[in-house]
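Dear colleague,

Please find below the structure that I am handing over to you. My notes on what was found in it follow directly after.

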Amino acid sequence: MGIISYLANPARFLRFSKIATPLFGWLAIIGLGIGLYLSLIGSPLEEEQGHTVRIMYVHVPAAWCAMAAYTGIALASLISFVWRHSLADSAARALAIPGAVFTALTLITGSLWGRPDWGTWWQWDGRMTSVLVLLFIYIGYIAIWNIAERKIAARLAAILAMVGWINIPIIKYSVEWWNTLHQPATVSKLSAPSATAEILWPLMVMGLAYTFLLGWMALRGIEAELVALKAARNTPHSPATVTIEPA
Amino acid sequence: MSPVAEIIKRDIKLAARSGGAWSYGLVFMAFFLALCAIALGGKLQTLKDLSIPLIWLSILFASLLSISHIFRQDMEDGTMAQFKLARLSSMTIASAKTLSFALIYLLPLILTTPIWSQFFGLGSAELVGLCLALLIALPAIAIYVAVSGALLCAKQSGGFLAIILTAPLLIPTLIFGIAAAQNFSDAGIAAMEFRILAGLSFISIAIGLPASAAALSANLEG
């Protein structure tokens with residue numbers, strides 16, 4: 001709780017982000033450089049899948065970030081709802097669009113991976129369906145920010161994010177149950193536990209790099225929102241003008 | 001008389017005087033199902049398999065299309081502000097309005113399902129299962145639509161947004177509701193799906209009513 005109340009002050013947050021934002025950005029660039037080299041050139045081919053297995057290194061971290069971003073939104077929403085910290089609203093809002101983009105990226109890369117492996121762009125598989133629903137939840141969350149002025153919209157968005165957060169596991173398990181009911185022949189998935197260190201290392205580096213990228217985007221988003229709020233506060237009201245027209 | 005009963009009585013009276021506005025959902029449902037049957041070729045044999053999912057969808061869409069009756073109309077004409085002045089809690093208002101929405105706009109849809117189901121030649125066992133599943137899911141449908149209604153009650157037009165916000169929350173209800181209706185002829189009311197459906201309705205009460213109340217408060221404060 002200590003760090004949250006410390007950062008809740010915008011001035012202190014800006015001092016923190018002045019160091020943290022570039023750090024996250026550079027770590028993301030370096031991590032992506034190393035990770036892409038390791039995953040695209042350094043890692044071995046998979047026996048059955050060949051080169052298409054390399055899609056995993058951009059797909060799995062995207063899925064991880066998509067879920068992490070929503071968790072962040074839900075946490076920030078809880079903080080904003082209970083303690084009414086305005087900065088928590090900015091954090092939740094800043095995470096929404098990157099999170100939605102990572103979710104879309106998960107679906108797109110998954111689809112590109114599925115085409116050569118499963119022979120189809122789309123399967124109503126439990127995981128794919130729940131990621132699609134997550135994207136729907138993100139779209140609703142982003143949309144609700146525009147329905148009212150910031151203060152009310154922030155509160156409504158926080159309520160929606162928390163309701164969505166509680167429902168995500170319910171939706172996930174329903175979809176998995178539904179999927180096993182309707183499709184006994186489930187598509188085979190990459191057996192993750194048996195993955196070797198040669199595959200695991202690039203994946204972890206890419207995961208870290210993606211996480212820093214998400215953190216950098218969120219921090220930049222919060223900074224932008226703080227600047228916009230400050231500008232809105234400091235805009236002097238233009239003097240009233242009256243035009244008198246001759247009758 | 002408790003405020004909840006008072007509000008429900010008032011809503012029923014208003015609906016009765018509205019010149020039939022409460023029945024638009026029914027008309028929509030009949031149109032939607034007829035259009036589906038025509039679009040799908042009109043052969044009863046093919047339609048029969050699709051009837052339960054289509055009836056479920058028609059009820060979900062009909063309830064989403066009557067979303068403005070839950071909170072927005074009272075918000076616009078100032079009734080909501082009067083409720084607040086009368087020191088009713090948001091929870092009381094949200095519960096009462098959700099209940100009256102379920103009674104006036106959702107219950108007629110479910111009660112007339114036997115009529116529309118004949119568009120599809122649905123057998124009697126399936127029909128009983130479908131109606132039971134719908135009745136058990138009624139709280140979940142009403143409450144999640146009400147959550148969107150409370151979130152959007154200050155906005156003039158929010159039809160599409162209401163669908164976007166509500167649809168993800170209703171996916172489990174839709175999945176288990178359809179499965180329960182389809183499994184009724186095998187396992188009866190004791191089917192696992194019915195119990196899960198009842199659980200989903202209870203969860204919706206626990207999550208959805210406080211969420212509607214909080215959203216209502218946020219919109220009334222602003």
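The secondary structure of chain A consists of seven helices and zero strands, so that reading along the sequence gives the pattern α-α-α-α-α-α-α. Please bear in mind throughout that this is a predicted model.

**Chain A**

Along the principal axes, the C-alpha atoms of chain A occupy a box of roughly 85 × 45 × 40 Å. Of its 247 residues, 36% are buried. Among the contacts in chain A with a separation of 6 or more, 79% are between residues 24 or more positions apart.

Helix H3 of chain A covers residues 56-83, a run of 28 residues. From its first C-alpha to its last, H3(A) reaches 40 Å, close to the 40 Å expected at 1.5 Å a residue. Just after H3(A) comes Arg84(A), with a positive phi of about 55°; this is a residue other than glycine. Arg84(A) lies in the loop between H3 and helix H4 (86-118) of chain A.

Ile142(A) has its place in helix H5 of chain A. It is partly exposed, because 16 other C-beta atoms lie within 10 Å, whereas a buried residue needs 20 or more. Leaving aside neighbours within four places in sequence, Ile142(A) is in contact with Ala96(A), Ile97(A) and Ala100(A). Ile142(A) and Leu95(A) are 47 residues apart in sequence, and their C-alpha atoms are 10.0 Å apart in space.

**Chain B**

Chain B comes to ten helices and zero strands, and its pattern along the sequence is α-α-α-α-α-α-α-α-α-α. Its C-alpha atoms fill a box of roughly 55 × 35 × 35 Å along the principal axes. For 222 residues, a compact globule would have a radius of gyration near 17 Å, and the 18 Å of chain B therefore agrees with that value. Buried residues account for 48% of the 222 residues of chain B. Of the contacts in chain B with a separation of 6 or more, 83% join residues 24 or more positions apart.

Chain B also has a residue other than glycine with a positive phi: Arg87(B), at a value near 60°. Arg87(B) is located in the loop between helix H5 (79-85) and helix H6 (90-111) of chain B. Arg87(B) counts as exposed because it has 8 C-beta neighbours inside 10 Å.

**Where the chains meet**

In the model, 24 residues of chain A are in contact with 24 residues of chain B. On the side of chain A that touches chain B, the elements giving two or more residues are helix H5 (126-144) and helix H6 (150-182) of chain A. Which of them gives the most? It is H6(A), with 15 residues. The residues on this side of chain A divide into 18 nonpolar, four polar and two charged.

The largest nonpolar core has 135 residues. Those with the most contacts inside this core are Ile73(A), Ala92(A), Ile159(A), Leu160(A), Ile141(B), Leu151(B) and Ala215(B). Helix H8 of chain B (residues 124-151) gives the most to the core, with 16 residues. Leu160(A), one of the residues listed for the core, touches Gly140(A), Tyr141(A) and Ile144(A), together with Leu151(B) and Leu165(B), when residues up to four places away in sequence are not counted.

**Confidence**

The average pLDDT of chain A is 86, and 92% of its residues score at least 70. Over residues 184-189 of chain A, pLDDT stays under 50. For that stretch the model has four contacts beyond four places in sequence. Where pLDDT is low, the predicted coordinates should not be read in detail.

With kind regards

Terms used:
Residues are numbered from 1 along each chain as its sequence is written. Chains are lettered from A and ligands numbered from 1 in the order in which they are written. This is a predicted model: local features need pLDDT of at least 70, side-chain atom pairs count only at pLDDT 80 or more; totals for chains, interfaces and linings use all residues. Helices (H or I, at least four residues) and strands (E, at least two) are DSSP runs, numbered from the N terminus. The expected span of a helix is 1.5 Å times one less than its number of residues. A residue is buried if 20 or more other C-beta atoms lie within 10 Å of its own, exposed if 12 or fewer, and partly exposed in between; C-beta atoms are placed from the backbone. Two residues are in contact if their C-beta atoms, placed from the backbone, lie within 7 Å. Ala, Val, Leu, Ile, Met, Phe, Trp, Tyr, Cys and Pro count as nonpolar, Asp, Glu, Lys and Arg as charged, and the others, Gly among them, as polar. A nonpolar core is a set of buried Ala, Val, Leu, Ile, Met, Phe, Trp, Tyr and Cys residues joined through C-beta atoms within 7 Å. pLDDT is the predictor's confidence in each residue, from 0 to 100. The radius of gyration is taken over C-alpha atoms; the globule rule is 2.2 Å times the number of residues to the power 0.38.
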